[in-house]
Amino acid sequence: MKLDSIRREYRYAALTKQSVAASPIDQFKGWLNDAQQANVNDFSAMSLITAETGGFPQSRIVLLKDISADGFTFFTNYDSQKGKAIESNNKVGLHFFWPELERQVRIDGVAEKTSREVSVAYFNSRPLESQIAACASAQSSALTSRNKLEEQFKSLQNALDGEHPECPGNWGGYLVRPVRIEFWQGRENRLHDRIVFELVENDWKIKRLAP
Ligand SMILES: Cc1cc2nc3c(=O)[nH]c(=O)nc-3n(C[C@H](O)[C@H](O)[C@H](O)COP(=O)(O)O)c2cc1C
């Protein structure tokens, strides 16, 4: 495959310090809404980047499940690789890319576990099969075979006999409190717009960066 000749112009929209919302959370909500309206597949999917001291940075996709003035929430297994990485360094990155809108958003923030109430409420809202899968899979641990995983799922499904499992203690949410949010809008001739919000003494400061 020849990649070096593949390129396109970005002309969908513009972003200025005047047009951006005063709050980066409001700006983010607007862009997320645009992504949904534009039928972007998995528009709420984001890369979660963790960095254990001395280790390689690690990135994986998770789904955004809530946004509030406090920050961005996703759910996972606390004993997973990402859970362990957050335990050792709770400074994380979140990264969204919506190709149809020629936009990306980069977030730096500090992750903390959500309350047990929030985790249980979300767990209980999930389909039964997803609940069983969360209980049956020791996420990120080595498996001897796929069969083993399916057996664990079936055996728990049979034991529950249609009942819902309790939210496991090692499963729940993380709230990422943002300290920096960058909005990137692709523009013509690679002169892209980059508007950054940085939290300075509880106030969001805005600046424009060179593309
Ligand atoms: C579209 C998509 C959505 C995903 N959503 C989640 C999620 O919300 N929570 C989660 O734990 N893993 C999710 N995953 C799986 C993760 O990318 C990853 O494989 C898993 O969490 C294990 O990561 P870790 O070993 O780095 O902890 C998703 C993957 C994809 C491709």
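Reader: How many helices and strands does the protein have?
Author: The model is predicted, and its secondary structure comes to five helices and nine strands.

Reader: What pattern do they follow along the sequence?
Author: Read along the sequence, the pattern is α-β-β-β-β-α-β-β-α-α-α-β-β-β.

Reader: And what does the C-alpha trace span?
Author: Along its principal axes, about 60 × 50 × 40 Å.

Reader: What share of the residues is buried?
Author: Of the 211 residues, 37% are buried. The accessible surface comes to about 12400 Å², and carbon and sulfur atoms account for 49% of that surface.

Reader: Which residues of helix 4 are buried?
Author: Helix 4 covers residues 128–136, and its buried residues are Leu 128, Gln 131, Ile 132, Ala 134 and Ala 136. Their cover includes helix 3 (116–125), helix 5 (146–160) and strand 7 (171–185).

Reader: What does Ile 195 touch?
Author: Leaving out residues up to four places away in sequence, the contacts of Ile 195 include Leu 15, Val 20, Ile 181, Phe 183 and Ile 206. Glu 182 is also among them.

Reader: What about Ser 47, buried or exposed?
Author: Ser 47 is buried, with a relative accessible area of 17%. It sits in strand 1, residues 45–51. Beyond residues up to four places away in sequence, Ser 47 touches Ser 59, Arg 60, Ile 61, Gly 93, Leu 94 and His 95.

Reader: Which residues form a nonpolar patch on the surface?
Author: Met 1, Leu 3 and Ile 6 do, with about 430 Å² of accessible area together. Ile 6 belongs to the segment before helix 1 (24–37), and it is exposed at a relative accessible area of 57%.

Reader: Next topic, charges. How many salt bridges are there?
Author: The structure holds 14 salt bridges. Side chains of opposite charge can pair when their charged atoms come close. One of the pairs is Arg 146 with Glu 150, whose closest N and O atoms are 2.6 Å apart.

Reader: How are Arg 146 and Glu 150 separated in helix 5?
Author: By about one helical turn, because they are four residues apart in that helix. Arg 146 is exposed at 59% relative accessibility, while Glu 150 is partly exposed at 37%.

Reader: Which side chain does Glu 198 meet in a salt bridge?
Author: Glu 198 meets Arg 180, at 3.4 Å from N to O. That pair links distant parts of the chain, with Glu 198 in strand 8 and Arg 180 in strand 7, 18 residues apart. Glu 198 is partly exposed, at a relative accessible area of 25%, whereas Arg 180 counts as buried at 16%.

Reader: Which residues are linked in a network of salt bridges?
Author: Arg 106, Arg 180, Glu 182, Arg 194, Glu 198 and Lys 207.

Reader: And what does Asp 193 pair with?
Author: The side chain of Asp 193 meets that of Arg 187 in a salt bridge, 2.8 Å from N to O. Asp 193 is buried at 4% relative accessibility, and Arg 187 is partly exposed with a relative accessible area of 29%.

How values were computed
Residues numbered from 1 in each chain as written. Predicted model: local features only at pLDDT ≥ 70, side-chain atom pairs only at ≥ 80, totals over all residues. Heavy atoms only, no water. Helix = DSSP H or I, 4+ residues; strand = E, 2+ residues; numbered from the N terminus. Buried < 20%, exposed > 50% of the residue type's maximum accessible area, 1.4 Å probe, protein only. Areas by Shrake-Rupley, 256 points an atom, 1.4 Å probe, with all protein chains shown as cover. Patch = residues over 30% accessible without salt bridge, like charges linked within 9 Å, V, L, I, M, F, W, Y side chains within 5 Å. Salt bridge = Lys/Arg side-chain N within 4 Å of Asp/Glu carboxyl O. Contact = heavy atoms within 4.5 Å.
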